[in-house]
Amino acid sequence: MAKMAQTAVFRPGGYRYVRGRFQYSGGVAAEPGFAIERARFRRPVPLEEGFRRIESHLAGLGRPPTAFCACELRSPGQFSEEGFIAFNRAYVQTLERWGIFRDEDNPVARSNVCPPVRPPPEPSFHAFSYTVPEGPGGAAAAAVKSFVIAGSGEAPEGPGGYRERIIRLGDTSPDAMREKARYVLLAMERRMGALGLAWADASASQVYTVHEVHGFLADEIVARGAAPDGITWTFAHPPVEGLAFEMDVRGVPVERVIG
């Protein structure tokens, strides 16, 4: 039986989150009085430059860096387990400087995937999300529950390395992909449930894999309500070697594209 996910409130950011590993949380949801917005870069922006542009974007909205609550990354290729840890340790340094990451607790949700076609030359930001105070239209915004669920691949949380936990490691047969997808869908549901949410609250669901999904799209994804307005399939690998299927989900009332 899966453990009940623990949640906490990150008051400086105006959101609550599902506790996870040091590199990211399981998901975030806006606290009362706040909403989450998402901004996507027109083209991927290298990590260091991306952090600067995010800080500038937030300052232009009158928001502190602590409003940063989720991001979507693109990397040039899958990481080894050791490489992934090293990358994550570098990534959280900025979050620590911003007053977000503290004592190995990271409120920020994240996905990080690796497109094999036209990959970025280095880890880069694709999109990011942040909280804003609800304004005069707050009642309308509140009708859309603001949340972002972090990406999850087919490796249950627990001790040991990824290779020890990956479901059907090395097997990408139709039956194995169905089993991997079923685990990931349940992980999405557990994380949403911890925040008091469900598929009906989602505005977008994203799938990341380079393998066939049509064999289980109807009965595993669509039938359970996981594609309320269709699904975005990004042709990409999950971030760690051996993983083959990832998803993330969000319910965001305002989305924009920035230069």
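How many salt bridges does the count come to? Hi everyone, the count comes to 22, where a salt bridge is a side-chain nitrogen of Lys or Arg within 4 Å of a carboxyl oxygen of Asp or Glu.

Before the details, a word on the model. It is a predicted one, so local features need pLDDT of at least 70 and side-chain atom pairs count only at pLDDT 80 or more, while totals for chains, interfaces and linings use all residues. Residues are numbered from 1 along each chain as its sequence is written, and side-chain values use heavy atoms, with hydrogens and water left out.

Glu 49 is partly exposed at 32% relative accessible area, and Arg 53 is partly exposed at 28%. For these words, buried is under 20% relative accessible area, exposed is over 50% and partly exposed is in between, with a 1.4 Å probe and protein chains only.

Now to another salt bridge. Arg 178 and Glu 220 meet at 3.3 Å, N to O. Arg 178 lies in helix α5 (residues 174-194) and Glu 220 in helix α6 (residues 214-222), so this pair ties together parts 42 residues apart in sequence. Glu 220 counts as buried, at 9% relative accessibility. Shared partners join Arg 178, Arg 182, Glu 189, Asp 219, Glu 220 and Arg 224 into one network of salt bridges.

On to the rings. How many aromatic pairs does a search of the whole structure find? It finds 13, pairing rings of Phe, Tyr and Trp (its six-membered ring) with centres within 6.5 Å; planes under 30 degrees apart are stacked, over 60 edge-to-face, and the rest tilted. Take Phe 51 and Phe 68: their centres are 6.4 Å apart and their planes at 65°, so the pair is edge-to-face.

Notes. Helices (H or I, at least four residues) and strands (E, at least two) are DSSP runs, numbered from the N terminus.
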